[in-house]
Amino acid sequence: MAYVSFKAFASATGLAAPNTYDRLGEAWLSARQNGGTDTFPEFLCREAGHSFDELQAKIAEAFQWPVIKLGDVVVPAEVRRLIPPKMAFQFGIMPVKVEEGILQVAVSDPFDSAMISTVHHLAGSPVTFALVSKDDIERALKKYYGVGAETLDELAKDTNDGDEDLELLLGGKEIAEGDQEASVIKFANQVIWEAYKDRATDIHFEPAEDELRIRYRIDGILHQTPMPPQLKQYQASLISRIKVMAGMNIAEKRLPQDGRINVRIKGEEIDIRVSTVPTVYGESVSLRLLTRGRISHSLEKLGFNSTDEKKLREIIVRPHGILLVTGPTGSGKSTSLYGFLSTINSVQKRIITIEEPVEYELKGINQIAVRSDIGLTFAKGLRHILRQDPNVIMVGEIRDLETAEIAIRAALTGHLVMSTLHTNDAPSSFTRLVDMGIEPFLVASSVEAVLAQRLVRTICAKCKVPQEVDRDYLLKLDFPKQHLNTAKFWHGAGCDSCRQLGYQGRTGIYELLMVDESIRELVLSRSPSTAISQRAIANGMCTLRNDGWRKVMEGVTTIEEVLRVTQMEDRMTTTE
């Protein structure tokens with residue numbers, strides 16, 4: 001480190017007295033020696049109270065370096081090759097362009113003399129520097145080199161570095177058996193770490209003929225993650241490493257397998273469910289990340305309108321009956337059920353669940369995991385739960401006649417039963433149960449309410465701006481006419497915080513159907529779901545689409561999001 005540059009910088013910029021920078025420089029070096037990771041500019045911004053933009057402007061003026069945004073430039077492949085990925089990631093630098101034989105390199109920390117001398121050595125030609133933010137550098141490195149490029153770059157070299165941010169808790173083995181294995185382990189950890197930082201719920205490793213594609217599912221949408229082009233040649237090693245971590249048989253590549261990984265990232269325990277299936281070009285691997293610390297089990301935070309929330313609170317304290325939650329996979333059904341259970345959880349109530357798998361552990365609640373391999377199915381588990389004196393039972397899913405019959409019998413004999421169904425809307429749940437073979441009079445007398453739901457992405461708060469929407473377009477969408485002239489609309493312009501998507505996070509839209517005598521009569525007469533829907537709307541039910549419009553007008557989400565996850569009766573669909 002060129003410590004003398006601190007004094008030169010202080011006198012050149014007039015940002016502070018040189019003796020102040022002496023003290024700050026010594027404090028920063030001491031922090032680095034004690035494990036600190038801040039660059040000097042980061043340390044300076046925090047300790048001296050300067051904004052990064054102010055500090056960067058002063059640095060640019062003192063060194064006569066330009067300030068650029070890497071998102072506004074395209075870096076040619078031949079320029080990227082001038083700086084190896086290992087060095088680019090290690091020093092946080094990005095080659096930008098070559099003009100008249102001079103290489104321009106973007107940096108965020110101009111005080112790193114080791115970086116400057118290394119760049120001059122690697123370039124073998126004159127070098128100029130440009131200033132960018134640290135976040136800008138990180139995004140550019142992932143975009144142009146790919147996640148984990150520095151690890152694959154060193155795969156054949158001595159690299160026994162572990163990943164201190166990600167700790168394997170159960171299963172697998174640690175770095176120990178050679179350099180190549182060490183690098184593969186580090187790369188696998190890095191892929192999981194990047195998914196965690198991006199709030200991904202799933203990671204998919206998808207082999208193709210000439211590449212291994214890795215995609216993250218973020219806020220319900222799949223995004224392809226840039227990867228080094230040489231990743232394909234390490235496909236077998238990488239997939240084997242994941243299977244070892246998950247406790248799978250690495251020799252079996254012809255049959256699907258399931259496993260589980262427990263990791264701790266930044267002190268947060270994460271369960272990762274792993275599934276492999278054989279494909280033409282190798283095994284496809286899917287990882288589902290379950291982060292206990294990020295899920296909200298509070299009913300208030302699920303996004304219900306005040307009317308529906310009040311009705312739900314009345315239902316979940318009833319002594320008997322069935323509450324069904326419906327929707328496709330990934331629509332937040334389990335989160336809603338956990339919210340209901342957490343709300344009524346007390347020492348006066350014995351609550352037992354049977355799930356496949358137990359996604360989140362709830363204190364004070366007895367949770368059973370389905371084990372089909374040893375005969376512990378939903379039906380068998382539910383039958384034995386009835387002998388355990390429960391007040392409330394939660395069944396992960398009603399998927400067959402036997403489970404449905406036992407659940408209904410439990411509801412009719414003095415138990416509150418909560419469960420899920422895979423139907424498109426709330427009214428379809430009744431016809432679904434009847435189609436399973438349940439008698440209509442049993443369905444009508446046991447089901448108290450059905451909640452249908454979807455998840456919509458919420459507008460990023462940091463880039464939220466007003467949006468003009470054509471009135472004719474709103475009329476075509478059957479937008480509530482009483483709000484046409486007063487409704488205001490918003491969308492996300494895209495920023496670094498939301499990966500230029502305009503969305504960050506998700507919330508639910510809901511359709512709560514309360515069962516009254518008029519609904520029971522329609523169920524008893526085997527009326528179609530359309531008739532039940534019309535009666536429920538007449539009784540005051542807010543449909544999924546209308547609840548979505550409410551959240552649009554509140555500035556929570558966009559019209560496009562509501563259209564993406566809901567469907568009108570005329571089967572009108574839209575694309576993003």
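Reader: Okay, contact means heavy atoms within 4.5 Å. Going by that, among contacts in the protein chain between residues at least 6 apart in sequence, what percentage join residues at least 24 apart?

Author: It's 63% of those contacts. Keep in mind that this is a predicted model.

Reader: Got it. How many helices and strands are there in the protein chain?

Author: The protein chain has 22 helices and 19 strands.

Reader: And what share of the 576 residues is buried?

Author: Buried residues account for 50% of them. As for the surface, the chain exposes about 27200 Å², with 48% of that coming from carbon and sulfur atoms.

Reader: Let's do sheets. In what order do the strands of the 7-stranded sheet come?

Author: The order is β13-β12-β14-β15-β11-β16-β19, and it's an open sheet with mixed pairing. At the edges you'll find β13 (366-369) and β19 (503-514); each has a single partner strand, so one side of each has no neighbour in the sheet. From one strand to the next, the twist averages 20 degrees.

Reader: How do β11 and β15 run, parallel or antiparallel?

Author: They run parallel, with 6 bridges joining β11 (residues 321-326) to β15 (residues 416-421).

Reader: What actually holds strands together in a sheet, in general?

Author: Strands of a sheet pair through backbone hydrogen bonds, in either a parallel or an antiparallel way.

Reader: Okay, what about the sheet with 3 strands? What's its order?

Author: β1-β2-β3, again an open sheet with mixed pairing. Its edge strands are β1 (93-99) and β3 (127-131), and each of them pairs on one side only. Ignoring direction, neighbouring strands here are turned by 30 degrees against each other on average.

Reader: How many bridges pair β1 with β2?

Author: 6 bridges, in the antiparallel sense, and β2 covers residues 102-107. P95, for example, stands opposite V105 in β2. Lying across β1 and β2 is helix α8 (residues 134-144), at about 75 degrees to β1.

Reader: Switching topic: how many aromatic pairs does the structure hold?

Author: There are 8. One worth a look is W193 with Y196: the ring centres are 5.9 Å apart and the planes are at 20 degrees, so the pair is stacked.

Reader: Where do W193 and Y196 sit?

Author: Both are in helix α10 (residues 179-197), 3 residues apart, which is about one turn of the helix.

Reader: Is W193 buried or exposed?

Author: Buried, because its relative accessibility is 14% and the cut-off for buried is under 20%. Y196 is buried too, at 12%.

Reader: Which rings form a cluster?

Author: Ring pairs link F304, F340 and Y510 into one.

Reader: And which charged groups sit over rings?

Author: R457 lies over the face of Y503, 4.1 Å from the ring centre. The charged end of K464 is over the ring of W490, at 5.3 Å from its centre.

Reader: Last topic, loops. Where's A426?

Author: In the loop between β15 and α16 (428-436). A426 counts as buried, with 0% relative accessibility.

Reader: What does A426 touch, leaving out residues up to four places away in sequence?

Author: T326, V450, A452, E511 and L513. There's also T543, 117 residues away along the chain, with a C-alpha separation of 9.0 Å from A426.

Reader: And V74, buried or exposed?

Author: Exposed, at 70% relative accessibility. V74 is in the loop between α4 (52-63) and α5 (77-80), and its C-alpha atom is 7.8 Å from that of V96, 22 residues apart along the chain.

Definitions and conventions:
Residues are numbered from 1 along each chain as its sequence is written. This is a predicted model: local features need pLDDT of at least 70, side-chain atom pairs count only at pLDDT 80 or more; totals for chains, interfaces and linings use all residues. Side-chain values use heavy atoms; hydrogens and water are left out. Two strands pair if DSSP finds at least two bridges between them. Helices (H or I, at least four residues) and strands (E, at least two) are DSSP runs, numbered from the N terminus. Axes are lines fitted to C-alpha atoms, for helices over the stretch in contact, and angles run from 0 to 180 degrees between N-to-C directions. Rings of Phe, Tyr and Trp (its six-membered ring) pair if their centres lie within 6.5 Å; planes under 30 degrees apart count as stacked, over 60 as edge-to-face and the rest as tilted. Buried means under 20% relative accessible area, exposed over 50%, partly exposed in between (1.4 Å probe, protein chains only). A charge sits over a ring if NZ of Lys or CZ of Arg is within 6 Å of the ring centre and within 35 degrees of the ring normal. Accessible areas come from the Shrake-Rupley method with a 1.4 Å probe; for residues, only the protein chains shown count as cover.
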